[in-house]
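Come along and keep the picture beside you while you read.

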Amino acid sequence: MLLKEYRICMPLTVDEYKIGQLYMISKHSHEQSDRGEGVEVVQNEPFEDPHHGNGQFTEKRVYLNSKLPSWARAVVPKIFYVTEKAWNYYPYTITEYTCSFLPKFSIHIETKYEDNKGSNNSIFDNEAKDVDREVCFIDIACDDIPERYYKESEDPKHFKSEKTGRGQLQEGWRDNHQPIMCSYKLVTVKFEVWGLQTRVEQFVHKVVRDILLIGHRQAFAWVDEWYDMTMDEVREFERATQEATNQKIGVFPPAISISSISLLPSSVRSAPSSAPSTPLSTDAPEFLSVPKDRPRKKSAPETLTLPDPEKKAPLRLPGGHSAEKPCRPKSE
């Protein structure tokens with residue numbers, strides 16, 4: 001098990017980001033999805049938890065085989081996805097990633113949002129007070145991101161919001177910028193397989209860090225797109241984008257319902273402090289099924305002709321005898 005705490009500051013307030021994080025997650029998932037790869041939304045429903053109150057439960061399948069390193073692709077099937085389950089009680093969320101093919105693999109993320117610059121060192125005292133962990137600050141303006149994901153329009157050093165006047169963040173911006181908020185994320189990665197544990201857990205944390213950096217940069221760079229949205233408007237955007245994303249990757253489920261009435265059974269609605277793992281379906285997604293009208297191979301003849309047993313040629317045996325009639329011993 002490898003535990004790290006990430007702290008990501010943004011020039012926003014916690015109240016503002018309640019809309020921004022929903023918009024960013026939907027748009028980011030759509031942009032990163034393509035035919036056969038990406039994020040399929042399986043369920044997105046409101047619910048009420050007895051401890052945390054009203055929230056939203058989502059379940060997604062993340063298809064990412066081509067994004068795995070070569071050594072990982074060698075040991076996983078081509079039909080490979082990770083299941084994401086999230087319980088959003090904003091400003092507190094629980095997210096868990098599991099995989100039926102790798103039962104000893106999981107990622108558990110607890111997130112808390114506060115209006116400060118990442119200075120609360122006791123924010124996870126109830127969850128991991130006596131657990132040693134590395135604290136990693138992520139700077140959305142100055143930290144490097146993978147080159148393939150870089151867009152100048154999403155670079156906080158160059159972007160300036162027309163609606164809020166915020167942006168063009170420079171080194172040290174977190175020291176004096178107002179407003180400012182912080183996403184605190186407690187991330188636990190488990191891969192309990194001897195010989196691969198350290199390598200896989202370190203790799204997953206690197207991927208998690210890159211995703212957090214890119215996602216929070218985008219949430220701020222897209223602020224003019226979501227800043228004036230109401231909750232109803234962002235939920236409608238979320239619904240429409242999720243349906244479009246499912247079609248984009250080749251999955252065509254019924255229309256996704258994001259209603260105001262809880263439709264989940266109580267056993268699912270109440271998420272414990274550590275989100276539960278559940279068995280996953282092993283059915284292949286529709287886009288990977290074999291076409292029914294696939295032409296037959298012509299490597300063999302259409303019909304097979306068998307020899308006529310009435311016209312069977314006599315078999316010549318060693319010594320000049322024929323197998324047509326049995327050989328009889330000579331009489332004395």
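Predicted model: local features only at pLDDT ≥ 70, side-chain atom pairs only at ≥ 80, totals over all residues.

**Entry 1: a pair of helices**

I began with helix 1 and helix 6, whose crossing is left-handed (the near helix is turned anticlockwise from the far one by less than a right angle; right-handed is the clockwise case). Residues are numbered from 1 along each chain as its sequence is written, and side-chain values use heavy atoms, with hydrogens and water left out.

I looked up which residues make the contact (heavy atoms within 4.5 Å). On helix 1 they are Lys18, Ile19, Leu22, Tyr23, Ser26, Lys27, Ser29, His30 and Glu31. On helix 6 they are Met231, Val234, Arg235, Phe237, Glu238, Thr241, Gln242, Ala244, Thr245 and Lys248. I sorted the residues of this contact by kind and got 7 nonpolar, 6 polar and 6 charged. For that sorting, Ala, Val, Leu, Ile, Met, Phe, Trp, Tyr, Cys and Pro count as nonpolar, Asp, Glu, Lys and Arg as charged, and the others, Gly among them, as polar.

Next I wanted the geometry. Two packed helices are described by the angle between their axes and the distance between the axes. Helix 1 spans residues 14-31 and helix 6 spans residues 231-248; their angle is about 15 degrees and their axes are 9 Å apart. The axes are lines fitted to C-alpha atoms, for helices over the stretch in contact, with angles from 0 to 180 degrees between N-to-C directions. Helix 1 and helix 6 are therefore roughly parallel (angles under 35 degrees count as such).

How do helix 1 and helix 4 pack? I found an angle of about 115 degrees between helix 1 and helix 4 (residues 197-221), with the axes 9 Å apart. This crossing is right-handed. Helix 1 brings Tyr17, Met24, His28 and Glu31 to the contact, while helix 4 brings Ile214, Gly215, His216, Gln218 and Ala219. By kind, the residues of the contact of helix 1 with helix 4 are 4 nonpolar, 4 polar and 1 charged.

**Entry 2: one tyrosine**

I stayed on helix 1 to visit tyrosine 23, which is found there. Is tyrosine 23 buried or exposed? Tyrosine 23 is buried, as its relative accessible area is 6% (buried means under 20%, exposed over 50%, and partly exposed in between, with a 1.4 Å probe and protein chains only). Apart from neighbours within four places in sequence, tyrosine 23 is in contact with Trp222, Glu225, Trp226, Met229, Val234 and Phe237. Tryptophan 222 is 199 residues from tyrosine 23 along the chain, yet their C-alpha atoms are separated by 8.8 Å.

**Entry 3: a strand residue**

I then moved to isoleucine 109 in strand 6 (residues 105-114). Isoleucine 109 counts as buried, with 9% relative accessibility. Its contacts, leaving out neighbours within four places, are Thr93, Ile94, Thr95, Tyr97, Lys185, Leu186 and Val187. Between the C-alpha atoms of isoleucine 109 and valine 189, 80 residues apart along the chain, I noted 8.8 Å.

**Entry 4: loops and backbone**

I looked for cis peptide bonds next. One runs from tyrosine 90 to proline 91, with omega near 10 degrees, and proline 91 sits in the loop between strand 4 (81-89) and strand 5 (92-98). Another joins glutamine 178 and proline 179, with omega about 0 degrees; proline 179 lies in the loop between strand 7 (134-138) and strand 8 (181-191).

The loop between strand 7 and strand 8 also holds glutamine 168. Glutamine 168 is not a glycine, although its phi is positive at about 50 degrees. Glutamine 168 is partly exposed, at 42% relative accessibility.

Lysine 160 is in the loop between strand 7 and strand 8 too, and is partly exposed at 46%. Beyond four places in sequence, lysine 160 touches Gly165, Arg166, Gly167 and Gln168.

**Entry 5: the whole protein**

I finished with the overall picture: 7 helices and 8 strands. Helices (H or I, at least four residues) and strands (E, at least two) are DSSP runs, numbered from the N terminus. Of the 332 residues, 45% count as buried.

Methods. Parallel < 35°, antiparallel > 145°, perpendicular 65-115°, else oblique.
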